[in-house]
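The terms are given with their cut-offs as they come up.

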Amino acid sequence: MSTTQPLAIRMHPHDNVAIIANDGGLPAGTVMPEGPAQGITLRDKVPQGHKVALTDIAAGAAVLRYNVPVGFAREAIAAGSWVHERLLDIPPARELQGLPMATQPAPAWEPLEGYTFEGYVNADGSVGTRNLLAITTTVQCVAGVLKVAVERIERELLPLYPNVDGVVGLEHTYGCGVAIDAPGAEIPIRTLRNISLNPNFGGEVMVVSLGCEKLQPARLLPPGSFPIHDARLADEGPDLVCLQDEAHVGFMSMIDDIVLRARPHLERLNARRRQTVPASALVVGVQCGGSDAFSGVTANPAVGYMADLIVRAGGTVMFSENTEVRDAVEQLTSRAATPQVAQDIVRELGWYDQYLDRGRVDRTANTTPGNKAGGLSNIAEKAMGSIIKSGSGAIASVLAPGEKLRADQKGLVFAATPASDFICGTLQLAAGMNVHVFTTGRGTPYGLQACPVVKVATRSDLARRWHDLMDFNAGQIADGEMTIEQAGWALFEQLLAVAGGRKTWAEQWKLHNALVLFNPAPIT
Ligand code: CA
(Lines give C-alpha, C1' and ligand atoms only; values in the text may rest on other atoms or scores of the structure.)
Protein backbone atom coordinates (compact mmCIF):
# COMPACT_ATOMS: atom_id res chain seq x y z
CA MET A 1 0.00 0.00 0.00
CA SER A 2 1.36 3.38 -0.95
CA THR A 3 -1.36 5.25 0.95
CA THR A 4 -1.14 5.80 4.70
CA GLN A 5 -4.90 5.26 5.11
CA PRO A 6 -5.43 2.06 7.14
CA LEU A 7 -6.94 -0.55 4.83
CA ALA A 8 -8.37 -4.03 5.41
CA ILE A 9 -9.46 -6.33 2.55
CA ARG A 10 -12.24 -8.89 2.94
CA MET A 11 -12.76 -11.55 0.25
CA HIS A 12 -16.44 -12.38 0.88
CA PRO A 13 -19.27 -10.57 2.71
CA HIS A 14 -19.72 -13.57 5.05
CA ASP A 15 -16.06 -13.54 6.17
CA ASN A 16 -15.36 -12.76 9.84
CA VAL A 17 -11.74 -11.81 9.14
CA ALA A 18 -10.07 -9.37 6.73
CA ILE A 19 -6.39 -8.90 5.95
CA ILE A 20 -4.43 -5.73 6.65
CA ALA A 21 -3.09 -4.30 3.38
CA ASN A 22 -0.74 -1.55 4.61
CA ASP A 23 3.05 -1.84 4.18
CA GLY A 24 4.54 -2.70 7.56
CA GLY A 25 1.14 -3.58 9.01
CA LEU A 26 -0.79 -1.43 11.49
CA PRO A 27 -0.14 -0.71 15.20
CA ALA A 28 -2.47 -1.60 18.07
CA GLY A 29 -4.96 1.17 18.72
CA THR A 30 -5.48 1.96 15.03
CA VAL A 31 -9.13 2.81 14.36
CA MET A 32 -10.15 1.46 10.96
CA PRO A 33 -11.74 4.40 9.11
CA GLU A 34 -13.73 2.58 6.42
CA GLY A 35 -14.27 -0.70 4.59
CA PRO A 36 -15.18 -4.07 6.11
CA ALA A 37 -13.45 -3.26 9.43
CA GLN A 38 -14.94 0.27 9.75
CA GLY A 39 -15.03 1.47 13.35
CA ILE A 40 -12.98 -1.44 14.72
CA THR A 41 -9.99 -0.62 16.92
CA LEU A 42 -7.03 -2.97 16.51
CA ARG A 43 -6.28 -4.73 19.81
CA ASP A 44 -2.88 -5.96 18.59
CA LYS A 45 -0.26 -4.88 16.08
CA VAL A 46 -1.31 -6.68 12.89
CA PRO A 47 1.44 -7.34 10.29
CA GLN A 48 0.80 -6.72 6.58
CA GLY A 49 -1.10 -9.58 4.98
CA HIS A 50 -2.29 -10.93 8.31
CA LYS A 51 -5.87 -11.36 9.46
CA VAL A 52 -7.85 -9.16 11.82
CA ALA A 53 -11.10 -10.35 13.47
CA LEU A 54 -14.10 -8.32 12.23
CA THR A 55 -16.43 -9.67 14.95
CA ASP A 56 -16.06 -11.46 18.27
CA ILE A 57 -15.36 -15.11 17.39
CA ALA A 58 -16.34 -17.72 20.02
CA ALA A 59 -13.98 -20.54 20.98
CA GLY A 60 -14.51 -23.41 18.53
CA ALA A 61 -16.24 -21.19 15.94
CA ALA A 62 -15.18 -21.18 12.30
CA VAL A 63 -12.86 -18.45 11.02
CA LEU A 64 -14.22 -17.68 7.57
CA ARG A 65 -12.17 -16.39 4.64
CA TYR A 66 -13.40 -16.78 1.03
CA ASN A 67 -16.64 -17.82 2.83
CA VAL A 68 -15.03 -21.13 3.85
CA PRO A 69 -13.58 -22.17 7.22
CA VAL A 70 -9.81 -21.70 7.12
CA GLY A 71 -9.65 -22.77 10.79
CA PHE A 72 -11.51 -23.02 14.09
CA ALA A 73 -10.78 -20.66 16.99
CA ARG A 74 -8.78 -22.35 19.77
CA GLU A 75 -10.01 -19.69 22.19
CA ALA A 76 -12.41 -16.76 22.10
CA ILE A 77 -11.08 -14.05 19.73
CA ALA A 78 -12.29 -10.46 20.25
CA ALA A 79 -13.03 -8.16 17.31
CA GLY A 80 -9.89 -6.21 16.38
CA SER A 81 -7.52 -9.04 17.39
CA TRP A 82 -4.69 -10.36 15.23
CA VAL A 83 -5.88 -13.83 14.10
CA HIS A 84 -2.58 -15.66 13.77
CA GLU A 85 -1.86 -19.35 13.11
CA ARG A 86 -1.47 -20.20 16.83
CA LEU A 87 -5.11 -19.27 17.43
CA LEU A 88 -6.44 -21.68 14.78
CA ASP A 89 -7.06 -25.40 14.50
CA ILE A 90 -6.96 -26.55 10.86
CA PRO A 91 -10.19 -28.04 9.48
CA PRO A 92 -9.95 -31.76 8.62
CA ALA A 93 -9.35 -32.68 4.97
CA ARG A 94 -12.51 -33.36 3.02
CA GLU A 95 -13.12 -37.08 2.44
CA LEU A 96 -12.92 -38.13 -1.21
CA GLN A 97 -16.30 -39.90 -1.04
CA GLY A 98 -19.69 -38.30 -1.54
CA LEU A 99 -18.34 -35.28 -3.41
CA PRO A 100 -20.49 -33.19 -5.77
CA MET A 101 -19.59 -34.56 -9.20
CA ALA A 102 -19.92 -32.20 -12.22
CA THR A 103 -22.84 -30.42 -10.54
CA GLN A 104 -21.97 -26.84 -11.49
CA PRO A 105 -23.09 -25.73 -14.97
CA ALA A 106 -20.27 -24.34 -17.13
CA PRO A 107 -20.39 -20.53 -17.39
CA ALA A 108 -22.12 -19.29 -20.53
CA TRP A 109 -19.22 -17.39 -22.05
CA GLU A 110 -19.01 -15.50 -25.30
CA PRO A 111 -16.02 -16.81 -27.29
CA LEU A 112 -13.16 -14.33 -27.44
CA GLU A 113 -12.01 -13.83 -30.99
CA GLY A 114 -9.34 -11.83 -32.80
CA TYR A 115 -6.45 -12.26 -30.35
CA THR A 116 -3.22 -13.58 -31.83
CA PHE A 117 0.50 -13.95 -31.24
CA GLU A 118 3.54 -14.67 -33.39
CA GLY A 119 4.56 -18.30 -32.86
CA TYR A 120 6.47 -21.20 -34.40
CA VAL A 121 4.04 -23.72 -35.87
CA ASN A 122 5.18 -27.33 -35.48
CA ALA A 123 4.49 -30.30 -37.75
CA ASP A 124 2.11 -31.82 -35.17
CA GLY A 125 0.04 -28.62 -35.00
CA SER A 126 1.44 -27.47 -31.64
CA VAL A 127 2.96 -23.97 -31.47
CA GLY A 128 6.26 -22.93 -29.93
CA THR A 129 6.83 -19.57 -28.27
CA ARG A 130 10.60 -20.03 -28.45
CA ASN A 131 12.84 -21.74 -31.01
CA LEU A 132 15.21 -23.90 -28.97
CA LEU A 133 17.43 -26.91 -29.64
CA ALA A 134 16.97 -29.40 -26.81
CA ILE A 135 19.44 -32.19 -26.19
CA THR A 136 17.84 -34.94 -24.14
CA THR A 137 19.81 -37.22 -21.82
CA THR A 138 19.06 -40.72 -20.57
CA VAL A 139 21.15 -40.47 -17.42
CA GLN A 140 22.88 -38.01 -15.10
CA CYS A 141 26.32 -39.57 -15.89
CA VAL A 142 26.49 -37.67 -19.21
CA ALA A 143 25.63 -34.25 -17.73
CA GLY A 144 29.20 -32.95 -17.45
CA VAL A 145 30.08 -33.92 -21.02
CA LEU A 146 26.85 -32.42 -22.33
CA LYS A 147 27.53 -29.16 -20.50
CA VAL A 148 30.89 -28.77 -22.25
CA ALA A 149 29.30 -29.64 -25.61
CA VAL A 150 26.46 -27.15 -25.10
CA GLU A 151 28.96 -24.39 -24.27
CA ARG A 152 30.81 -25.14 -27.51
CA ILE A 153 27.59 -25.17 -29.54
CA GLU A 154 26.63 -21.81 -28.02
CA ARG A 155 30.06 -20.35 -28.78
CA GLU A 156 30.74 -21.81 -32.23
CA LEU A 157 27.43 -22.70 -33.83
CA LEU A 158 24.70 -20.40 -32.49
CA PRO A 159 26.19 -17.28 -34.15
CA LEU A 160 25.70 -19.12 -37.49
CA TYR A 161 22.02 -19.79 -36.75
CA PRO A 162 20.61 -16.45 -35.59
CA ASN A 163 16.97 -17.58 -35.62
CA VAL A 164 17.65 -20.18 -32.95
CA ASP A 165 17.01 -18.82 -29.45
CA GLY A 166 19.30 -21.19 -27.59
CA VAL A 167 20.44 -24.70 -26.73
CA VAL A 168 18.98 -26.51 -23.75
CA GLY A 169 20.72 -29.53 -22.21
CA LEU A 170 17.93 -31.54 -20.58
CA GLU A 171 19.92 -32.67 -17.56
CA HIS A 172 18.35 -34.55 -14.66
CA THR A 173 19.27 -36.91 -11.81
CA TYR A 174 17.35 -39.95 -13.10
CA GLY A 175 18.36 -42.81 -15.39
CA CYS A 176 20.31 -45.28 -13.28
CA GLY A 177 20.49 -46.50 -9.68
CA VAL A 178 16.69 -46.53 -9.67
CA ALA A 179 14.04 -49.27 -9.46
CA ILE A 180 13.06 -48.74 -13.07
CA ASP A 181 10.27 -51.34 -13.14
CA ALA A 182 8.69 -50.28 -9.83
CA PRO A 183 5.18 -48.81 -9.79
CA GLY A 184 5.55 -45.08 -10.23
CA ALA A 185 8.77 -45.27 -12.30
CA GLU A 186 6.74 -44.59 -15.43
CA ILE A 187 6.24 -41.04 -14.11
CA PRO A 188 9.86 -39.78 -14.41
CA ILE A 189 10.34 -41.75 -17.65
CA ARG A 190 7.32 -40.32 -19.44
CA THR A 191 8.14 -36.87 -18.02
CA LEU A 192 11.56 -36.95 -19.71
CA ARG A 193 10.09 -38.33 -22.93
CA ASN A 194 7.37 -35.71 -23.09
CA ILE A 195 9.66 -32.79 -22.20
CA SER A 196 11.81 -33.66 -25.23
CA LEU A 197 8.64 -33.24 -27.31
CA ASN A 198 7.73 -29.80 -25.82
CA PRO A 199 6.45 -27.40 -28.54
CA ASN A 200 9.35 -25.00 -27.90
CA PHE A 201 11.81 -27.61 -29.25
CA GLY A 202 10.34 -27.71 -32.75
CA GLY A 203 10.07 -31.50 -33.05
CA GLU A 204 13.86 -31.96 -33.12
CA VAL A 205 14.93 -34.83 -30.88
CA MET A 206 18.56 -35.49 -30.06
CA VAL A 207 19.70 -37.79 -27.26
CA VAL A 208 22.99 -38.23 -25.40
CA SER A 209 23.29 -41.57 -23.58
CA LEU A 210 26.06 -43.25 -21.60
CA GLY A 211 25.44 -46.85 -22.74
CA CYS A 212 25.15 -49.05 -19.65
CA GLU A 213 22.36 -47.14 -17.84
CA LYS A 214 19.01 -48.62 -16.84
CA LEU A 215 17.04 -46.04 -18.81
CA GLN A 216 18.05 -47.17 -22.30
CA PRO A 217 17.32 -44.78 -25.20
CA ALA A 218 14.73 -47.17 -26.68
CA ARG A 219 12.87 -47.12 -23.38
CA LEU A 220 13.01 -43.35 -23.10
CA LEU A 221 11.91 -42.77 -26.70
CA PRO A 222 10.38 -45.93 -28.19
CA PRO A 223 10.12 -45.95 -32.00
CA GLY A 224 7.08 -43.99 -33.07
CA SER A 225 7.07 -41.67 -30.04
CA PHE A 226 9.04 -38.89 -31.70
CA PRO A 227 8.98 -36.98 -34.98
CA ILE A 228 11.66 -37.90 -37.51
CA HIS A 229 12.86 -35.39 -40.08
CA ASP A 230 15.54 -37.59 -41.56
CA ALA A 231 14.26 -40.78 -43.19
CA ARG A 232 17.61 -42.48 -42.58
CA LEU A 233 16.95 -42.32 -38.84
CA ALA A 234 13.60 -44.05 -39.07
CA ASP A 235 15.11 -47.49 -38.61
CA GLU A 236 17.79 -46.44 -36.18
CA GLY A 237 15.65 -44.63 -33.58
CA PRO A 238 16.34 -41.10 -32.34
CA ASP A 239 19.46 -39.16 -33.21
CA LEU A 240 21.68 -40.67 -30.56
CA VAL A 241 25.19 -40.06 -29.25
CA CYS A 242 26.30 -42.92 -26.98
CA LEU A 243 29.42 -41.99 -24.99
CA GLN A 244 30.53 -45.64 -24.49
CA ASP A 245 30.40 -46.24 -28.25
CA GLU A 246 33.75 -47.75 -29.30
CA ALA A 247 34.08 -45.13 -32.00
CA HIS A 248 34.77 -42.57 -29.28
CA VAL A 249 38.44 -42.27 -28.53
CA GLY A 250 39.01 -39.65 -25.87
CA PHE A 251 36.85 -36.90 -24.45
CA MET A 252 37.14 -34.54 -27.42
CA SER A 253 35.73 -37.14 -29.81
CA MET A 254 32.55 -37.24 -27.69
CA ILE A 255 32.27 -33.45 -27.77
CA ASP A 256 32.97 -33.36 -31.53
CA ASP A 257 30.29 -35.99 -32.12
CA ILE A 258 27.62 -34.08 -30.16
CA VAL A 259 28.49 -30.78 -31.87
CA LEU A 260 28.46 -32.43 -35.32
CA ARG A 261 25.09 -34.07 -34.73
CA ALA A 262 23.60 -30.77 -33.53
CA ARG A 263 24.20 -29.05 -36.89
CA PRO A 264 21.31 -30.49 -38.97
CA HIS A 265 18.90 -29.84 -36.11
CA LEU A 266 20.09 -26.24 -35.85
CA GLU A 267 19.79 -25.81 -39.61
CA ARG A 268 16.15 -26.89 -39.61
CA LEU A 269 15.31 -24.78 -36.56
CA ASN A 270 17.05 -21.77 -38.10
CA ALA A 271 14.88 -21.99 -41.22
CA ARG A 272 11.72 -21.50 -39.17
CA ARG A 273 9.95 -18.13 -38.86
CA ARG A 274 7.32 -16.85 -36.52
CA GLN A 275 3.85 -16.62 -38.01
CA THR A 276 0.58 -15.19 -36.75
CA VAL A 277 -1.42 -17.78 -34.83
CA PRO A 278 -4.65 -17.45 -32.82
CA ALA A 279 -4.50 -17.12 -29.03
CA SER A 280 -5.98 -20.64 -28.92
CA ALA A 281 -2.41 -21.89 -29.45
CA LEU A 282 -1.47 -20.77 -25.93
CA VAL A 283 -0.77 -23.61 -23.50
CA VAL A 284 -0.31 -21.76 -20.24
CA GLY A 285 0.83 -23.39 -17.00
CA VAL A 286 -0.04 -21.42 -13.88
CA GLN A 287 1.48 -21.93 -10.45
CA CYS A 288 2.52 -20.01 -7.36
CA GLY A 289 5.54 -20.07 -5.08
CA GLY A 290 6.64 -18.07 -2.08
CA SER A 291 2.99 -17.25 -1.42
CA ASP A 292 1.65 -14.74 1.09
CA ALA A 293 -1.84 -13.67 2.11
CA PHE A 294 -1.95 -11.27 -0.86
CA SER A 295 -1.50 -14.15 -3.32
CA GLY A 296 -5.15 -15.01 -2.93
CA VAL A 297 -6.24 -11.34 -2.99
CA THR A 298 -4.37 -9.80 -5.92
CA ALA A 299 -2.13 -11.98 -8.12
CA ASN A 300 -4.08 -15.25 -8.11
CA PRO A 301 -7.49 -13.65 -8.79
CA ALA A 302 -5.90 -11.65 -11.66
CA VAL A 303 -4.37 -14.86 -13.05
CA GLY A 304 -7.77 -16.55 -12.67
CA TYR A 305 -9.41 -13.78 -14.69
CA MET A 306 -6.66 -14.16 -17.32
CA ALA A 307 -7.23 -17.94 -17.33
CA ASP A 308 -10.92 -17.38 -18.15
CA LEU A 309 -9.92 -15.09 -21.06
CA ILE A 310 -7.53 -17.72 -22.46
CA VAL A 311 -10.18 -20.43 -22.19
CA ARG A 312 -12.69 -18.14 -23.92
CA ALA A 313 -10.12 -17.60 -26.68
CA GLY A 314 -9.94 -21.37 -27.21
CA GLY A 315 -6.57 -21.82 -25.50
CA THR A 316 -5.40 -24.15 -22.76
CA VAL A 317 -4.69 -23.34 -19.12
CA MET A 318 -3.19 -25.88 -16.76
CA PHE A 319 -3.38 -25.51 -13.01
CA SER A 320 -1.69 -27.97 -10.66
CA GLU A 321 -0.26 -28.25 -7.14
CA ASN A 322 -2.13 -31.17 -5.50
CA THR A 323 -1.58 -30.18 -1.87
CA GLU A 324 -2.83 -26.66 -2.60
CA VAL A 325 -6.11 -27.76 -4.14
CA ARG A 326 -6.80 -30.75 -1.84
CA ASP A 327 -8.70 -28.62 0.69
CA ALA A 328 -10.90 -27.26 -2.10
CA VAL A 329 -11.58 -30.65 -3.70
CA GLU A 330 -15.37 -30.23 -3.70
CA GLN A 331 -14.98 -27.00 -5.67
CA LEU A 332 -12.95 -28.90 -8.27
CA THR A 333 -15.21 -31.93 -8.60
CA SER A 334 -18.32 -29.74 -8.85
CA ARG A 335 -16.64 -27.66 -11.59
CA ALA A 336 -15.69 -30.76 -13.62
CA ALA A 337 -17.22 -30.72 -17.10
CA THR A 338 -18.34 -34.36 -16.85
CA PRO A 339 -18.68 -37.00 -14.10
CA GLN A 340 -15.68 -38.79 -15.67
CA VAL A 341 -13.50 -35.68 -15.25
CA ALA A 342 -14.66 -35.45 -11.61
CA GLN A 343 -13.68 -39.12 -11.16
CA ASP A 344 -10.27 -38.38 -12.66
CA ILE A 345 -9.76 -35.54 -10.14
CA VAL A 346 -10.67 -37.89 -7.27
CA ARG A 347 -8.34 -40.59 -8.66
CA GLU A 348 -5.34 -38.24 -8.84
CA LEU A 349 -5.89 -36.61 -5.44
CA GLY A 350 -6.59 -40.01 -3.87
CA TRP A 351 -3.35 -41.38 -5.29
CA TYR A 352 -1.53 -38.34 -3.91
CA ASP A 353 -3.10 -38.78 -0.44
CA GLN A 354 -1.68 -42.33 -0.42
CA TYR A 355 1.71 -41.12 -1.65
CA LEU A 356 1.91 -38.61 1.24
CA ASP A 357 0.61 -41.24 3.66
CA ARG A 358 3.48 -43.59 2.71
CA GLY A 359 5.85 -40.81 3.79
CA ARG A 360 3.79 -40.37 7.00
CA VAL A 361 2.80 -36.80 6.24
CA ASP A 362 -0.30 -35.16 4.84
CA ARG A 363 -1.18 -31.98 2.94
CA THR A 364 -0.33 -29.84 5.99
CA ALA A 365 3.38 -30.45 5.24
CA ASN A 366 2.97 -27.93 2.38
CA THR A 367 3.12 -24.57 4.17
CA THR A 368 6.52 -22.91 4.65
CA PRO A 369 7.82 -20.55 7.34
CA GLY A 370 7.58 -17.77 4.73
CA ASN A 371 3.91 -18.56 4.02
CA LYS A 372 3.14 -18.22 7.73
CA ALA A 373 5.19 -15.04 8.15
CA GLY A 374 3.25 -13.71 5.16
CA GLY A 375 -0.08 -14.28 6.90
CA LEU A 376 -1.14 -17.71 5.61
CA SER A 377 -2.05 -19.62 8.76
CA ASN A 378 -2.34 -23.11 7.25
CA ILE A 379 -2.87 -25.12 4.07
CA ALA A 380 -6.66 -24.66 4.15
CA GLU A 381 -6.21 -20.89 3.88
CA LYS A 382 -3.41 -21.24 1.32
CA ALA A 383 -5.53 -23.61 -0.81
CA MET A 384 -8.46 -21.20 -1.05
CA GLY A 385 -6.11 -18.47 -2.29
CA SER A 386 -4.29 -20.84 -4.65
CA ILE A 387 -7.25 -22.38 -6.45
CA ILE A 388 -8.45 -18.94 -7.62
CA LYS A 389 -5.69 -19.13 -10.25
CA SER A 390 -7.85 -21.62 -12.14
CA GLY A 391 -10.50 -18.96 -12.79
CA SER A 392 -14.15 -19.93 -12.96
CA GLY A 393 -14.36 -22.18 -16.03
CA ALA A 394 -15.41 -25.82 -16.21
CA ILE A 395 -12.54 -28.28 -15.78
CA ALA A 396 -12.34 -29.98 -19.16
CA SER A 397 -9.78 -32.72 -18.43
CA VAL A 398 -7.19 -34.11 -16.03
CA LEU A 399 -3.56 -35.12 -16.61
CA ALA A 400 -1.62 -37.56 -14.43
CA PRO A 401 1.95 -36.44 -13.62
CA GLY A 402 4.24 -36.51 -16.68
CA GLU A 403 1.43 -37.01 -19.20
CA LYS A 404 1.28 -34.88 -22.36
CA LEU A 405 -1.80 -32.99 -23.50
CA ARG A 406 -3.49 -34.45 -26.55
CA ALA A 407 -4.31 -32.04 -29.36
CA ASP A 408 -8.02 -32.19 -28.44
CA GLN A 409 -7.41 -31.37 -24.75
CA LYS A 410 -8.15 -27.65 -24.81
CA GLY A 411 -9.65 -25.43 -22.15
CA LEU A 412 -9.05 -25.64 -18.42
CA VAL A 413 -6.98 -28.67 -17.43
CA PHE A 414 -6.08 -29.95 -13.97
CA ALA A 415 -2.52 -31.27 -14.37
CA ALA A 416 -2.06 -33.16 -11.10
CA THR A 417 1.45 -32.37 -9.84
CA PRO A 418 3.21 -31.74 -6.55
CA ALA A 419 3.28 -28.08 -5.49
CA SER A 420 7.11 -27.91 -5.45
CA ASP A 421 7.91 -25.07 -7.86
CA PHE A 422 10.57 -26.94 -9.86
CA ILE A 423 8.68 -30.24 -10.02
CA CYS A 424 5.42 -28.54 -10.98
CA GLY A 425 7.19 -26.53 -13.69
CA THR A 426 8.98 -29.65 -14.98
CA LEU A 427 5.71 -31.61 -15.21
CA GLN A 428 3.89 -28.71 -16.89
CA LEU A 429 6.71 -28.61 -19.48
CA ALA A 430 6.14 -32.32 -20.10
CA ALA A 431 2.43 -31.63 -20.53
CA GLY A 432 3.29 -29.23 -23.38
CA MET A 433 3.28 -25.80 -21.71
CA ASN A 434 4.52 -22.97 -23.95
CA VAL A 435 4.16 -20.07 -21.47
CA HIS A 436 4.37 -20.19 -17.67
CA VAL A 437 2.71 -17.75 -15.28
CA PHE A 438 4.10 -17.71 -11.75
CA THR A 439 2.71 -15.67 -8.86
CA THR A 440 4.75 -14.82 -5.79
CA GLY A 441 4.29 -12.75 -2.65
CA ARG A 442 7.50 -13.39 -0.74
CA GLY A 443 9.52 -13.26 -3.99
CA THR A 444 11.45 -15.89 -5.96
CA PRO A 445 13.78 -15.47 -8.96
CA TYR A 446 12.35 -18.71 -10.49
CA GLY A 447 12.81 -19.33 -14.20
CA LEU A 448 12.86 -22.16 -16.75
CA GLN A 449 15.22 -22.54 -19.68
CA ALA A 450 12.68 -24.26 -21.92
CA CYS A 451 9.84 -21.78 -21.62
CA PRO A 452 9.28 -18.11 -20.73
CA VAL A 453 8.07 -17.52 -17.15
CA VAL A 454 5.97 -14.41 -16.47
CA LYS A 455 6.34 -13.62 -12.78
CA VAL A 456 3.51 -11.78 -11.05
CA ALA A 457 4.12 -9.95 -7.76
CA THR A 458 1.27 -9.92 -5.23
CA ARG A 459 2.38 -6.67 -3.57
CA SER A 460 3.66 -3.33 -4.86
CA ASP A 461 6.39 -3.37 -2.23
CA LEU A 462 7.86 -6.56 -3.75
CA ALA A 463 7.38 -5.24 -7.30
CA ARG A 464 9.33 -2.07 -6.36
CA ARG A 465 12.20 -3.86 -4.62
CA TRP A 466 12.45 -6.60 -7.30
CA HIS A 467 11.77 -4.22 -10.17
CA ASP A 468 14.01 -6.15 -12.56
CA LEU A 469 12.75 -9.62 -11.63
CA MET A 470 8.97 -9.25 -11.47
CA ASP A 471 7.17 -8.98 -14.83
CA PHE A 472 3.79 -7.79 -13.55
CA ASN A 473 2.65 -5.96 -10.41
CA ALA A 474 -0.71 -7.28 -9.23
CA GLY A 475 -0.21 -5.24 -6.05
CA GLN A 476 -1.86 -2.42 -7.98
CA ILE A 477 -5.15 -4.17 -7.16
CA ALA A 478 -4.63 -3.74 -3.40
CA ASP A 479 -3.47 -0.17 -4.03
CA GLY A 480 -6.79 0.61 -5.71
CA GLU A 481 -5.03 1.47 -8.99
CA MET A 482 -6.42 -1.47 -10.97
CA THR A 483 -9.39 -3.79 -10.71
CA ILE A 484 -8.97 -7.57 -10.88
CA GLU A 485 -10.59 -7.45 -14.35
CA GLN A 486 -8.15 -4.79 -15.59
CA ALA A 487 -5.19 -6.73 -14.22
CA GLY A 488 -6.48 -9.94 -15.85
CA TRP A 489 -6.76 -8.24 -19.24
CA ALA A 490 -3.32 -6.62 -18.90
CA LEU A 491 -1.79 -10.00 -18.03
CA PHE A 492 -3.51 -11.63 -21.01
CA GLU A 493 -2.09 -8.97 -23.36
CA GLN A 494 1.36 -9.28 -21.77
CA LEU A 495 1.24 -13.06 -22.17
CA LEU A 496 0.50 -12.74 -25.90
CA ALA A 497 3.48 -10.38 -26.25
CA VAL A 498 5.78 -12.77 -24.36
CA ALA A 499 4.49 -15.74 -26.40
CA GLY A 500 5.41 -13.70 -29.48
CA GLY A 501 9.01 -13.23 -28.36
CA ARG A 502 9.15 -10.42 -25.80
CA LYS A 503 11.68 -11.48 -23.18
CA THR A 504 10.77 -11.91 -19.53
CA TRP A 505 13.11 -10.63 -16.81
CA ALA A 506 14.26 -14.20 -16.08
CA GLU A 507 15.16 -14.60 -19.77
CA GLN A 508 17.02 -11.27 -19.85
CA TRP A 509 19.16 -12.30 -16.88
CA LYS A 510 19.36 -15.95 -18.08
CA LEU A 511 17.94 -17.17 -14.76
CA HIS A 512 16.64 -20.68 -14.74
CA ASN A 513 16.13 -23.51 -12.30
CA ALA A 514 17.09 -27.12 -12.93
CA LEU A 515 14.53 -29.63 -14.11
CA VAL A 516 13.43 -31.73 -11.16
CA LEU A 517 11.73 -35.03 -11.91
CA PHE A 518 8.94 -36.39 -9.75
CA ASN A 519 10.02 -39.95 -8.92
CA PRO A 520 7.70 -41.66 -6.45
CA ALA A 521 9.52 -45.01 -7.01
CA PRO A 522 12.45 -46.30 -4.91
CA ILE A 523 16.12 -45.55 -5.54
CA THR A 524 18.43 -48.60 -5.47
CA1 CA B 1 4.42 -24.06 -6.46
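A salt bridge here is a side-chain nitrogen of Lys or Arg within 4 Å of a carboxyl oxygen of Asp or Glu. The model is a predicted one, in which local features need pLDDT of at least 70 and side-chain atom pairs count only at pLDDT 80 or more, while totals for chains, interfaces and linings use all residues. Residues are numbered from 1 along each chain as its sequence is written, and side-chain values use heavy atoms, with hydrogens and water left out.

Side chains of opposite charge can pair when their charged atoms come close. The structure holds 23 salt bridges. One of them joins R347 and E348, with an N to O distance of 3.0 Å. To describe their surroundings, buried means under 20% relative accessible area, exposed over 50%, and partly exposed in between, using a 1.4 Å probe and protein chains only. R347 is partly exposed because its relative accessibility is 44%, whereas E348, at 7%, counts as buried.

A salt bridge also connects E507 with R130, whose closest N and O atoms are 2.7 Å apart. E507 belongs to helix α15 (residues 505-508) and R130 to the loop between β9 (127-128) and β10 (132-137), so this pair ties together parts 377 residues apart in sequence. Helices (H or I, at least four residues) and strands (E, at least two) are DSSP runs, numbered from the N terminus. Both E507 and R130 are buried.

Which residue does R459 meet in a salt bridge? The partner is D292, at 2.9 Å from N to O. R459 sits in the loop between β20 and α12, and D292 in the loop between β15 (283-288) and α5 (295-312); the two are 167 residues apart. R459 and D292 are both buried. Salt bridges that share partners join D292, R459, D461 and R465 into one network.

D292 has a further partner in T458, as the side chains of the two make a polar contact of 3.1 Å. A polar contact is a pair of N or O atoms within 3.5 Å; within protein, one must be able to donate a hydrogen and the other to accept it, and residues adjacent in sequence count only if both atoms are side-chain atoms. T458 lies in the loop between β20 (453-457) and α12 (460-465). T458 counts as buried because its relative accessible area is 0%. Leaving aside neighbours within four places in sequence, T458 is in contact (heavy atoms within 4.5 Å) with residues including D292, F294, S295, T440 and G475.

A polar contact of 2.8 Å joins the side chains of N371 and K382. Beyond four places in sequence, the contacts of N371 are G290, S291, N366, L376 and K382.

E321, in the loop between β16 (316-319) and α6 (322-325), and D421, in helix α11 (residues 421-431), are 100 residues apart and link distant parts of the chain. E321 is buried at 1% relative accessibility, and D421 is buried at 15%.
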